[in-house]
Amino acid sequence: MTAIKHALQRDIFTPNDERLLSIVNVCKAGKKKRNCFLCATVTTERPVQVNVVKVKKSDKGDFYKRQTAWALRDLAVVDAKDAVKENPEFDLHFDKVYKWVASSTVEKNTFISCIWKLNQRYLRKKIDFINVSSQLLEESVPSGENQSVAGGDEEAVDEYQELNAREEQDIEIMMEGCEYAISNAEAFAEKLSRELQVLDGANIQSIMASEKQVNILMKLLDEALKEVDQIELKLSSYEEMLQSVKEQMDQISESNHLIHLSNTNNVKLLSEIEFLVNHMDLAKGHIKALQEGDLTSSRGIEACTNAADALLQCMNVALRPGHDMLHAVKQQQQRFSDLREQFARRLASHLNSVFVQQGHDQSSTLAQHSVELTLPNHHPFHRDLLRYAKLMEWLKNTDYGKYEGLTKNYMDYLSRLYEREIKEFFEVAKIKMTGTTREGKKFATLPRKESAVKQETESLHGSSGKLTGSTSSLNKLSVQSSGNRRSQSSSLLDMGNMSASDLDVADRTKFDKIFEQVLSELEPLCLAEQDFISKFFKLQQHQSISGTTTNEAEEMDGVTLSRSYTSGVPQTISSEKDMIRQMMTKIFRCIEPELNNLIALGDKIDSFNSLYMLVKMSHHVWTAQNVDPASFLSTTLGNVLVTVKRNFDKCISNQMKQMDEVKISKKSKVGILPFVAEFEEFAALAESIFKNAERRGDLDKAYIKLIRAVFVSVEKVANESQKTPRDVVMMENFHHIFATLSRLKISCLEAEKKEAKQKYTDHLQSYVIYSLGQPLEKLNHFFEGVEARVAQGIREEEVSYQLAFNKQELRKVIKEYPGKEVKKGLDNLYKKVDKHLCEEENLLQVVWHSMQDEFIRQYKHFEGLIARCYPGSGITMEFTIQDILDYCSSIAQSH
């Protein structure tokens, strides 16, 4: 430890003019042991400064560096932890508590003892030494003795002093005079002792010789002591005088402290008063606006809005701790609450009056819209009310009960107003659709063919314009006995319903335009009202406010809003987007039933109107969903679209049902079946309606159902037909279906088109083959027998030896069919085919040409059998192929 102490003195403290008095090796308590040294030092210059220095070994080498220094005058407490037991831990209380663990208890005690001595000598301040053994602390002594003790301790502590240059030079000279000083130290020491005795004797003689000077010196010392006593007396008097001055200065200091404290308190009080005045003082103009402001003019509304905002700021100011206990603050808060309640009540009353007045004003202008198919414009009303939007937001934030009451009143008044307007609007639309007056009378321009609808429309309308009747059952198809196509198609529907072929394009276009106008009027009306509700009631923010208080529910004519209150402010509410939709449902609750009634009427007038409605409604639903999929308009139109789709499916089902119930007359030929013509008309109409439509998939599914039903019904009718051959019914109708699908080019029916063509071809061939057996019946039977013999194994050249099929029998059969008879037979066949086929399809020439080709094929077949079975007989037919061509051509031209 001594070597470390010398190294620290040399490297750290000597350059700083300091002397190291005590050292202890320590580490911080409770942490990883990283040793350092605490050193007690004093400066060599006056006045003496006493420090406690922390020295640490450098991480980069073996040298030490000064890390931290504390002045001893800043030391408040020295805690040795235990005065009885040995404990290396101790605490030093400077600006904070430093906890140390010494390497040994001895070093700790030595260091603490040195600190106590330094305090006694240089500082004499009150340092608390706690848990320190009394043996380490010396008893208090007078200052002179204490200084001597401290000085002795200091000299004792100072075990080593370096030689100065003069001392080193003298020692070197003395050692040079004694060459044996190094080799014989005893001799050198004896010499030094002898010389010292000589010097002591000389000094004594010199002192004895100068006794007179000593007496003089002693006399001077006595005088000096007397002067010192006088000086001490003066210093004592000065100290007494300064003591009174000190007391006065202490009183002045204490007075200054009180003045400073009072000034500080006054500044703080002024700051608090300024805060309350600046934040809780409402201008007189604002108070007047809240109490008497004009809520009818724009300037008055703006003044009331500014005043309401200022009031809200004053009420929502964040008070500092203790402000709410001040009587003036409580009075001001109560005044603000009264102003808020008074203005909220006045605002709610005024807005309720505006709502009522709007209902009366709008009703007065309703008559002018009754003739035209338009809805009244509410934009001026919305524009006037939007001036109060900021006040509504203020009311929502301050008094939610009145805000909710205004919301309910607005829905009540507006729902009744819109109900009158919308019902009148739909009444006009129904009149325009049916062409009837309110009393059920027809307009003079009503076409004659609409007489079938008169009774149905009269039953559908009452004095209020609501649908009162029910849809009559669809009528069954019936086929008249006449052979023309017009009589068949005109009898498809009866009992008040018109067939699609009887309604002209103008009527359907008229219905389509009316229905489109209805939707086009409703859509902007709903969007404008929803936009107004969002802005006026401040519901455009789509978030939910959550809370934990008890929930209540208020029922508003089927519209339920969940809420709870804490001091009148809702803590739990469904999303404001849902609230907008609920308000719209309340206000426009009559739209959906009125639309459904209008759809029912359109479907009653003509079931094919469901096609127009499906396309238009789908387009408007698609448009509404692109704007807002969850909006009231999108939801309502979506619900109505379901009804339209059901009517469309019902239309398709009814057509299929009519096909299944069709009855065929037993006395007239069939021709083109009515439902085949109906499918053609339906497909042509549907293609024109569904061009570029969103719901094309629904039509494609309907096509598949209808065409399969047509195929099944055609086969059913063909099997039941007695007047017309089955092949003719199948051939003509499938030819018509193929032509229809080829012309319309419906992509989803390509497979059915190919199937129709195949059925037409097969039944054409079957009919031709069946019919051609009639003109050459005996000849045909003869050659069938020949082919049967050959099939039984008889060789062809030996058939002529059979008795029933010899050459003589062949000649008899051939003679029965001369050219004249063949032509007559073909003419009868032509007449029969003409009787079987219908005029509408115009397949007679096609069938006749096919029969001609088949007859020639059979002729060639007969000639081939004659050549193979009767070789060299010279037997030939009595007419040639050219004769057949001439016969067929002349027969076709003659008819």
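What percentage of the 895 residues in the protein chain is buried? The share is 42%, where buried means under 20% relative accessible area, exposed over 50% and partly exposed in between (1.4 Å probe, protein chains only). This is a predicted model: local features need pLDDT of at least 70, side-chain atom pairs count only at pLDDT 80 or more, and totals for chains, interfaces and linings use all residues. Residues are numbered from 1 along each chain as its sequence is written, and side-chain values use heavy atoms, without hydrogens and water.

**View A. The largest nonpolar core.** It has 173 residues. A nonpolar core is a set of buried Ala, Val, Leu, Ile, Met, Phe, Trp, Tyr and Cys residues joined through side-chain atoms within 4.5 Å. Y410, F690 and V847 touch the most other members. Helix α12 (residues 400-434) supplies the largest share, 14 residues. Helices are DSSP runs (H or I, at least four residues), numbered from the N terminus.

**View B. The K586 and D412 salt bridge.** A salt bridge puts a side-chain nitrogen of Lys or Arg within 4 Å of a carboxyl oxygen of Asp or Glu. Here the closest N and O atoms are 3.3 Å apart. K586 sits in helix α16 (residues 576-587) and D412 in helix α12, 174 residues apart. Both K586 and D412 are buried.

**View C. The R708 and E755 salt bridge.** The closest N and O atoms are 2.9 Å apart. R708 belongs to helix α21, E755 to helix α23 (residues 750-772). R708 is partly exposed at 34% relative accessibility. E755 is partly exposed too, at 26%.

Key: Helix = DSSP H or I, 4+ residues; strand = E, 2+ residues; numbered from the N terminus.
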